[in-house]
Amino acid sequence: MGIQKPRGTQDLLPNVIGNWRYVEDKIRRICAAYGFDEIRTPMFEETGLFLRGIGETTDVVQKEMYSFPTGDKKEQTYTLRPENTASAVRAYLENKVYGQESLTKWFYIGPMFRHDKPQAGRYRQFHQFGVEVLGTQAPATDAEVILMVLQLFNDFGLQDLSVQVNSVGCPNCRPAYREKLIAFFEPKKDQLCPDCQERLYKNPLRILDCKEETCKALSVGAPEIHENLCQECSDHFDQLQKFLTAANVNYVVNPRLVRGLDYYTKTAFEVQYAPLGSQSAVAGGGRYDGLVEELDGPHTPAVGFAMGIERLLLTLEKQGLLPETTVDPSVFVVALGDAAQVEGFKLVNDLHKAYIKAAMDGDGKSMKSQLKHANKINAKYVIILGDDELARGEAIIRDMESSEQETVAFTDVLARVTSLVKG
């Protein structure tokens, strides 16, 4: 056909939806245990929210956003959300949640949009699960959200995971570190990739996160953030590590881990799955103590994480951890004759009211054709109803797996089938 789905998107058909429900059910279960409530924000926001919230020097803002005119005001644009933390903070402020509760714990599941190069587990329309904790600067909360990620992955049975943590400092200590990075990279500027040349004076920390091999080599020996943290950030990071150690978390301190968004302060972390290759992160997040203020709200420390559902599903598939699809037993009514069609229709309707999957043929096909169709749709039970059965006030119930069948009074068919299906 001439019209196809846009590049970097996918159709989620019934044969895979079961895997998505499996993942989402476990997510909702763990969010309930940790005390998170669900939110749903618009799929598009004013572009300015992401310019201010994510940072104008990030790859997301400079290269990956889908923006379009609002149609209301000249030069005003909307943007399909590339991530949900900025939207969550906007909702937190617009609805004045900060004045209603001292601690807010939210989670979300939904589609995000980035004009990125499609690759394994990475789409232009993708889905994220994330959590946001607003109203606390406690290092124990940072540790708790990391533990939440690990518990979820453990629930799935995932192995070979790596936890990497870092502190990216705060507005008090980062300016001095920024100047040291500029001084380190300035003599090598012409050798940096074009993106990093542009980042050098705007956000040199992002050079440490560059995936280009040349930039990786040039950054060897760069000053490390840990040598430049203020006392508050240093103490916070030390406490975080103590909590992770107390919880028996095997983690690695990675001084190059800066994440891709400008709003991070202090804690940054990733959970990685090496077999995925260069794009190995399956979850990541950190602290963003200044974002609420950046969006004109009161000082509100916060921490959170996000994970891509597609990448999680790919990881589960690689480790053979997706469950076999199970189908609830279904019932097919074989109705032969006009009177049987009417009674069969009423019976199917009663089965639907009992929340039992049921269907019938309405085209008057032969019994052989109807039984063949029942086999095709994997019906567990077939109810055979014809003029002779109606005259006797009976119906035949056949188990399609064993081929055993029983004759039941028509008035008892609904109760009998319900007991068979629901055990």
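Glu 343 is partly exposed, with a relative accessible area of 22%, and its salt-bridge partner is Lys 346. Please keep in mind as you look around that this is a predicted model. The chain is divided into domain 1, covering 14-172 + 230-319, and domain 2, covering 330-422. The centres of domain 1 and domain 2, taken over C-alpha atoms, are separated by 51 Å.

**Salt bridges**

- Across the model, the count comes to 21 salt bridges.
- In the pair Glu 343 and Lys 346, the closest N and O atoms are 3.5 Å apart. Both residues belong to helix α12 (residues 338-353), where they sit three residues apart, about one turn of the helix. Lys 346 is partly exposed, with a relative accessible area of 43%.
- Arg 392 and Glu 394 form another salt bridge, with 3.0 Å between the closest N and O atoms. Glu 394 counts as partly exposed, at 24% relative accessibility.
- Glu 406 and Arg 416 also meet through their side chains in a salt bridge, 3.0 Å from N to O. This pair links distant parts of the chain: Glu 406 is in strand β16 (residues 405-409) and Arg 416 is in helix α15 (residues 413-422), 10 residues apart. Glu 406 is partly exposed at a relative accessible area of 30%, and Arg 416 is partly exposed at 32%.
- A network of salt bridges links Asp 142, Glu 232, Lys 266, Arg 287 and Asp 289.

**The eight-stranded sheet**

- Eight strands make up an open sheet with mixed pairing, in the order β1-β5-β6-β11-β10-β9-β7-β8. At its edges stand β1 (37-38) and β8 (251-253); each has a single partner strand, so one side of each is left without a neighbour in the sheet.
- The pairing of β1 with strand β5 (residues 104-113) is parallel and runs over two bridges. For Asp 37, the bridge partner in β5 is Trp 106.
- Helix α4 packs on the sheet and touches β5 and β6 (125-134), its direction making about 130° with that of β5.
- Helix α5 (residues 139-156) packs on the sheet too, touching β5, β6, β7 (161-167), β9 (265-273), β10 (281-287) and β11 (302-308). The direction of α5 makes about 20° with that of β11.

**A closer look at Thr 85**

- You will find Thr 85 in helix α4 (residues 85-94).
- Thr 85 has a relative accessible area of 7%, so this residue is buried.
- Leaving aside neighbours within four places in sequence, Thr 85 is in contact with Tyr 108, Glu 132, Tyr 263, Tyr 288 and Leu 291.

- In helix α13 (residues 367-376), the buried residues are Gln 370, Leu 371 and Ala 374. These residues cover an arc of only 100° around the axis, which puts them on the same side of α13.
- Lys 368, Lys 372 and Lys 376 are exposed on the other side of α13.
- What covers the buried residues of α13 includes β12 (330-335), β14 (381-385) and β15 (394-399).
- Just after α13 comes Asn 378, which takes a positive phi of about 60°.

Technical notes
Residues numbered from 1 in each chain as written. Predicted model: local features only at pLDDT ≥ 70, side-chain atom pairs only at ≥ 80, totals over all residues. Heavy atoms only, no water. Salt bridge = Lys/Arg side-chain N within 4 Å of Asp/Glu carboxyl O. Helix = DSSP H or I, 4+ residues; strand = E, 2+ residues; numbered from the N terminus. Buried < 20%, exposed > 50% of the residue type's maximum accessible area, 1.4 Å probe, protein only. Contact = heavy atoms within 4.5 Å. Pairing = 2+ DSSP bridges. Axes fitted to C-alpha atoms, helices over the stretch in contact; angles between N-to-C directions. Domains from an automatic or database assignment. Arc of directions from axis to C-beta.
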